[in-house]
Amino acid sequence: GELLDGVPPETLVVREQLGLANYFRFKGHELYVYLDPGNGLNRAGEADTLVARGRSIREPAIQRLYRRYAVVIDSIIHPEHLGTALETNLIRGMSPLDLYAAIKQVANDAASDVRARNATVKLSVSVQVDYAWGRFSGGVFQGVATDFNDFPFIQELGLSSYPYLAGYAEPEQIPLNYYSRLVESRTVPVMVTEGGWSSATLDTIVSSLDEQRRYIAHQMKLLDAVKAQAVFQLTFTDLDLVAHPPPPGSILPLFARCGLVDVNLNPKPALSAWDSVFAISRR
C-alpha cells in the first residue's frame, strides 16, 4: 500500500527488511528472498491491496513498481537467492489468462532487471508440488515443464507443498519421489520455500500432533531424494486466530496449526523431529 502512496522502495526495504537481513547475516545464514506479484491466499485473484485500490498487476505502472522493488531489495539486502513469483503453476491453472500473462511478464522483467545489476544472485520462482502431481485435478500428473519454459531465467526451483490439503490422510502415503519427479532429467537445485502439515483436525481433514511430527520426519526423506539445498518451515509458530481473526471467507485457518510451536511458543512434537534433522552435521 505504501508503494502505491509514493513511498520510495528504498525507504521500505531499509525500514522493514534490512535489520532482519543483517541479523540472519550475523547468524551466518544465506538469504533467500521471495517476492509475490500475486495473491498468496487466492491464486485465482490479485493482491488484496491492489484490489482495494482498484489497481492491477496488469497495469504497466504497477509492473514498474514491482520491478523497481525487486531491484531495490536485491541491491540493499544482497540475497544469495531471489524469487520473482510464487506457485506459478497454480496461478496458471486457477487465474484468468490475462492475469497469468501479466504475472509471467512482470516476473521475467523483474528477473532481467535484477540480473542486469547483479551477476551472481540465483534467480527462481516456486511451483506448487501438490498441483503439479494433479492432486487437485483428477490425479493426472502435470509436472512443471511449462514453468521452466515460461520462466527461462530459473537457476533453482522453489517447492511449495501442503499434502494434508491434497488428499493425503497419512504422511507416509506421500511417495518418496514427490519432489524429485518434478526435476527428473534436470540438474536444477531445489528447495522447499513453503509448506507444512497441520497438527489439528480441520473439517474433513483429520490430523494430530503426532501426525504432524511424522510428516516432518517423512519430508526429510523427500528432501534427501531430491538432494534439496534448503527447506523453510511455514510457519514456525501457530497462528493466533483468536487475537487476530482473519477476514470472513479467508482460507488462513487451513494453515493456522502448521507451526512447530503453539501460539504461546510451547514446543509441539514436530519440533523435536525438526531439531533432530538439524543436529546432523552438514556435508
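## Aromatic pairs

Two rings of Phe, Tyr or Trp (taking the six-membered ring of Trp) count as a pair here if their centres lie within 6.5 Å. By that rule this predicted model comes out with 12 aromatic pairs. One of them is Y162 with F255, an edge-to-face arrangement with 4.9 Å from centre to centre and 75° between the planes. That pair ties together distant parts of the chain, 93 residues apart. Y162 sits in the loop between β4 (156-161) and β5 (190-195), while F255 belongs to the loop between β6 (230-231) and α10 (269-278). Both partners, Y162 and F255, are buried.

Y164 and W197 make another pair, this one tilted, with the centres 5.9 Å apart and 50° between the planes. Here too distant parts of the chain are linked, at a separation of 33 residues: Y164 is in the loop between β4 and β5, and W197 is in the loop between β5 and α9 (209-226). Y164 is buried, and W197 is buried as well.

## A cluster, and charges over rings

There's also a single aromatic cluster made up of W133, F141, Y168, Y178 and Y179. One member of that cluster, W133, has R181 lying over its face, at 5.0 Å from the ring centre.

F148 has an arginine over its ring too: R186 lies over the face of F148, at 3.8 Å from the ring centre.

## One side of α10

Which residues of α10 are buried? They are A270, L271, A273 and W274. These four cover an arc of only 160° around the axis, so they end up on the same side of α10.

And what do the buried residues of α10 pack against? Their packing partners are α9 and β6.

## S95, between two helices

S95 is found in the loop between α5 (88-94) and α6 (97-117). Is S95 buried or exposed? Its relative accessible area is 10%, and because buried means under 20%, S95 counts as buried.

As for what surrounds S95, its side chain reaches back to the backbone oxygen of I91, at 2.6 Å. If you set aside the neighbours within four places in sequence, S95 is in contact with R43, A44 and Y100.

Definitions and conventions. Residues are numbered from 1 along each chain as its sequence is written. This is a predicted model: local features need pLDDT of at least 70, side-chain atom pairs count only at pLDDT 80 or more; totals for chains, interfaces and linings use all residues. Side-chain values use heavy atoms; hydrogens and water are left out. Buried means under 20% relative accessible area, exposed over 50%, partly exposed in between (1.4 Å probe, protein chains only). A polar contact is a pair of N or O atoms within 3.5 Å; within protein, one must be able to donate a hydrogen and the other to accept it, and residues adjacent in sequence count only if both atoms are side-chain atoms. Contact means heavy atoms within 4.5 Å. Rings of Phe, Tyr and Trp (its six-membered ring) pair if their centres lie within 6.5 Å; planes under 30 degrees apart count as stacked, over 60 as edge-to-face and the rest as tilted. A charge sits over a ring if NZ of Lys or CZ of Arg is within 6 Å of the ring centre and within 35 degrees of the ring normal. The arc is that of the directions from the helix axis to the C-beta atoms.
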